[in-house]
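Me: I'm new to this one. Could you walk me through it with a few questions and answers?

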Amino acid sequence: MPRRVAIVGVGLTRCSSWRRDVSYPELVYEAVSAALQDCDIGPDAVDAVVYGSMDPFDGLNAPERWCVDACASAGALNKPLLKISTGGTTGGSAALGGYYHVASGMFDVVLVVCSQRVGETLDAQRVLNTAVDPVYERGFGAGAITVAAIQATSHMHYYGTTEEDLAMVAVQNHENSSNNPYAHLRFKFTVEDALNSRMLSTPLRLSDCCPSSDGACAVIFASEEKAPKLAKHPAWVRACGQITDNYFMGDRPWAEDWDSLAILARRIYRLAKIDNPRREIDVAELYQAFTIQQILEYEALGFCQKGEGAKLIRDGTTSMQGELPVDPSGGVLCNNPIGASGLIRVAEAALQVMGKAEQRQVPNVKTALAHAWGATIGFHTLMVLDKQAP
Amino acid sequence: MVGRVAVVGVGQTYHEEAKSSQSYYDVAFEAATKALEDAALDKGEIDTVIASGWDVADGRTISDMYLVPAASGYLKDSAKAAEDGVLAFAYACMRLAAGAFDTALVIAHGHTEHPPELVSNVVFDPFFFRPMGASTITTLALQACAYADKYGVTPEQAAAVVAKNRRNAVDNPYAHLRSPVSVEDVVRSPPVAWPLRALDCPPRSVGAVALVLATGERIRRIRSDVAWLRGIGWAVDGYELGAADLWRLPSLAAATARAYAAASIKNPLDELDVAEVHDITSYHELMAYEALGWAQPGGGARLLEEGVTGRGGKLPVNPSGGVLSTNLHAGSGLLRVAEAVLQVTGRAGAHQVEGARMALAHGVSAAAGPAAAGNCVVVLGRD
């Protein structure tokens, strides 16, 4: 059995289209110092650092080197640092990295920090296009939005989901993000406004899509011996994992169902001993860069039957007042510093478990789920956090 | 660490200047397949896959999208260390030690058909270092220059490292450059960045390397001649070159201290039988001798001149030919680990060091970074 591991500190930065008020290391320092303060430790207490970012979106190579002093802070250099990059899942993968650093028994206190300055990217979709095979798939413009549009079209065709359903997802998330001081987009709109917004990639409109954001996030993982000393209510990792789908999109043709996520969810629920996710999970932070994905995720994660995702939006099940609130932060739809977005999901889930989510707090959270997807929908990560040590 | 970890399979491609008939994933697939065959495991028996590499250098965003499935990772738990493969190895060790998985496959590749100078320039901040032309090779040259200046190391003394390693590579069928060179050849080769000349610098090689790791009960069921992980440590330097003592490698010293402590090594020269060091330049092999605790500061060249690190010496270094003979952009560090595994399991063929029981592998996570700033040390034992 792995050593028990908990999250003891969280640091978020303000996010916007372009954080031109700070340099890259300053942005990272903002997140790191907030996390260290959150559990009241100095940089010397950190045994190792896990860094996550998607370099091509920064236009930098290995920004962790430029930012290394901001991570470790002065006087704490020559520590172990491991960089992890897996596309949109980077933040989720980095969180897993932090977990395994501690679970291995090699380290007691590990700082996980992720950053991204999408604001400095000329065209993120073009950069993402270089992910797919240059011979077969690059030419038709595969990226994030085009793939999500295929998911939406397919879901509408097979399950009758409508543009209005997507608009309702957008409205719900923007409602939530107005309570989140760290979100990038913090304005509300109506379903009608959403349906009148510009079409970007049929059937996805501007209101269905995430922004490009600058931001960073830091999370501190600690061993079972250290965790109770560093946090009043640590968020214990009950289970976590990642899954890898086929490289070629043509080899994963069922766009209306997210099978790879469903497989991962079954594995993680088994590890976490969760039989009925809808009842046993109190809040979920899902990675929905596009509205349609939140609907697919409900189904893949077993919150409802296949094809019934839109119903959970329509009947308010996943609203802040509902049975299973999803994305109280507003999610990726309202804030997307790509390489950090997955870690922000983990951070938000941890804040919910620790009871520190302020205006966006869901009452009485015991169990929270954090998700990320990446790699033109080829990767997923999940982490179940709990108030109770496993 | 919680659980014991061993390397049970090694696979590498033949490394060469270009592989125009193979795509990126074909090259990775070849190395992964060889590693699985070496461990006599089916791809279904691998629990987790850790890839490595720098997307910006690969020109492919999210390169693990193709690396992981090519390395038996379809529908499995995977990750990518955006580092040299040696740190993917470190991550795989942690995953196994945690007891969450029984087997792991680590994959690293090199695809530097084009000079990585531009992509290593964008490692640096756009305000000060980038306009100066800082890159991997120019910052390595700054270190070499500071080192040579501080300790009076001559170009000939550095060139002796190249002559040694290139001679060793003749016996390694997988090496990229397999022709010996003399000290004379090195000091007469064209200058690249003072004091580095063309032959002081590694080549750019295309190829891949994969390792299969296992833990616990699983190890004995796979094979008996395994390389046990005895110790591992890694560390990274600060960013500001102007604030660093460029003549030494503090992060390597920090990584070494962790690895030796875990392996209970007190007298490395006596206890180690063979080492594979990341000789990213000739000078850096000498600097590594010192950071690894084999010589006093400035004493690296003498260690070489006394023949300690030559074939037949007390501690042969880079019997495979090292990075100066084969340089897989993001795989050179992992290739050091692979060679160390072959040595302690007695399977290194013509470049086998007789009776090697304890080996050290040193990898620099180099391509991403100012100078040789990220270092990892792995100690492997037959017992």
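Reply: Happy to. A residue is buried if 20 or more other C-beta atoms lie within 10 Å of its own, exposed if 12 or fewer, and partly exposed in between. Keep in mind that this is a predicted model.

Me: What share of the residues of chain B count as buried?

Reply: The cut-off for buried is 20 or more C-beta neighbours within 10 Å. Applied to the 383 residues of chain B, the buried share comes to 66%.

Me: Is Gly216(B) buried, partly exposed or exposed?

Reply: Gly216(B) sits in the loop between strand E7 (206–215) and helix H9 (217–222) of chain B. Buried residues need 20 or more neighbours, and exposed ones have 12 or fewer. Gly216(B) has 15 C-beta neighbours inside 10 Å, so its class is partly exposed.

Me: Why is chain B as compact as a globular protein of its length?

Reply: Chain B holds 15 helices and eleven strands. For 383 residues the globule rule gives 21 Å, and chain B is as compact as a globular protein of that length because its radius of gyration is close to that, at 19 Å.

Me: Which element gives the most to the side of chain A that touches chain B?

Reply: Across the two chains, 47 residues of chain A are in contact with 53 residues of chain B. Elements giving two or more residues to chain A's side include helix H4 (68–72), helix H5 (90–103) and strand E8 (235–244) of chain A. With six residues, the one giving the most is H5(A).

Methods: Residues numbered from 1 in each chain as written. Chains lettered and ligands numbered in written order. Predicted model: local features only at pLDDT ≥ 70, side-chain atom pairs only at ≥ 80, totals over all residues. Helix = DSSP H or I, 4+ residues; strand = E, 2+ residues; numbered from the N terminus. Rg over C-alpha atoms; globule rule 2.2 N^0.38 Å. Contact = placed C-beta atoms within 7 Å.
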